[in-house]
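Dear colleague,

I am passing on the structure below, and I would be glad if you could look through it alongside my notes. Please keep in mind that the model is predicted.

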Amino acid sequence: MDTKLINKYKKYAATEEAFAVLFVKKHLRKAQGCWVDIINCRQYEMSEDQLHFRYVNGGLFKRKLKPKYPPKSDFTVNGQFDESNYILMVRAITWETAHLDIEQQKSKRVSPLNFKITGVSYDKNKGCNGYFRDDAPPEIKALENDLSNRTNPLWDRAMKYVNEPEFVYKIKSVNLYRTGR
């Protein structure tokens, strides 16, 4: 097992760029069968989901090089197959092959299919009136009359009806284009 390669890959896999590649693979059908070259990207800082991006710009290169994976037998010890280390090695080799292939194509002035994907995150409940949601029972809604008085035992049930921000993420636009070099 190539520990240097795995360590480089692990470092990369935690980057914004690595998540941008996954984002593109998820939202752009044309990325199938291509290497994804990220030019720039920006995640939504407040989102807990690392696949929420304001934008991702980059290029798609047709796969010319094929990764050469080690045999599974190299990851079998005493009849036990170490699947997690095998998968990690396969991903590291794929990542290395992608970067090598992209660099070779760039040096030959191959023009990729460029893309720009933009997304938007917004509060679904923005503009909702009232402290409690519309589906709250009338006795819970009556608590709105005096929000500073929390002595009513209904408050235990009422908290699940509070009108809290609920953020939704959507793809706003996908643009594909070619540029001449």
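In helix 1, which spans residues 3-13, the buried residues are Leu5, Ile6, Tyr9 and Tyr12. Viewed down the axis of helix 1, these buried residues fall within an arc of 125°, and therefore they line one face of the helix. The partners against which the buried residues of helix 1 pack are helix 2 (16-27) and helix 3 (83-107), while the face turned away from the buried side carries the exposed residues Thr3, Lys4 and Lys11. At the start of helix 1, the backbone nitrogen of Lys4 has a side-chain oxygen of Asp2 within 3.3 Å.

Turning to the aromatic residues, a search of the whole structure gives 10 aromatic pairs. One of them is formed by Phe23 and Phe53, whose rings are tilted, with 5.1 Å from centre to centre and 50° between the planes. This pair links distant parts of the chain, since Phe23 belongs to helix 2 and Phe53 to strand 2 (residues 53-62), 30 residues apart; both Phe23 and Phe53 are buried. Tyr9 and Tyr12, already listed among the buried residues of helix 1, form one aromatic cluster together with Trp95.

Finally, there are two arginines to inspect over tryptophan rings. The charged end of Arg63 sits over the ring of Trp35 at 4.2 Å from its centre, and Arg150 lies over the face of Trp155, 3.9 Å from the ring centre.

Methods:
Residues numbered from 1 in each chain as written. Predicted model: local features only at pLDDT ≥ 70, side-chain atom pairs only at ≥ 80, totals over all residues. Heavy atoms only, no water. Buried < 20%, exposed > 50% of the residue type's maximum accessible area, 1.4 Å probe, protein only. Helix = DSSP H or I, 4+ residues; strand = E, 2+ residues; numbered from the N terminus. Arc of directions from axis to C-beta. Contact = heavy atoms within 4.5 Å. Polar contact = N/O pair within 3.5 Å; in protein donor to acceptor, adjacent residues only side chain to side chain. Phe/Tyr/Trp six-rings, centres within 6.5 Å; stacked < 30°, edge-to-face > 60°. Lys NZ or Arg CZ within 6 Å of the ring centre and 35° of its normal.
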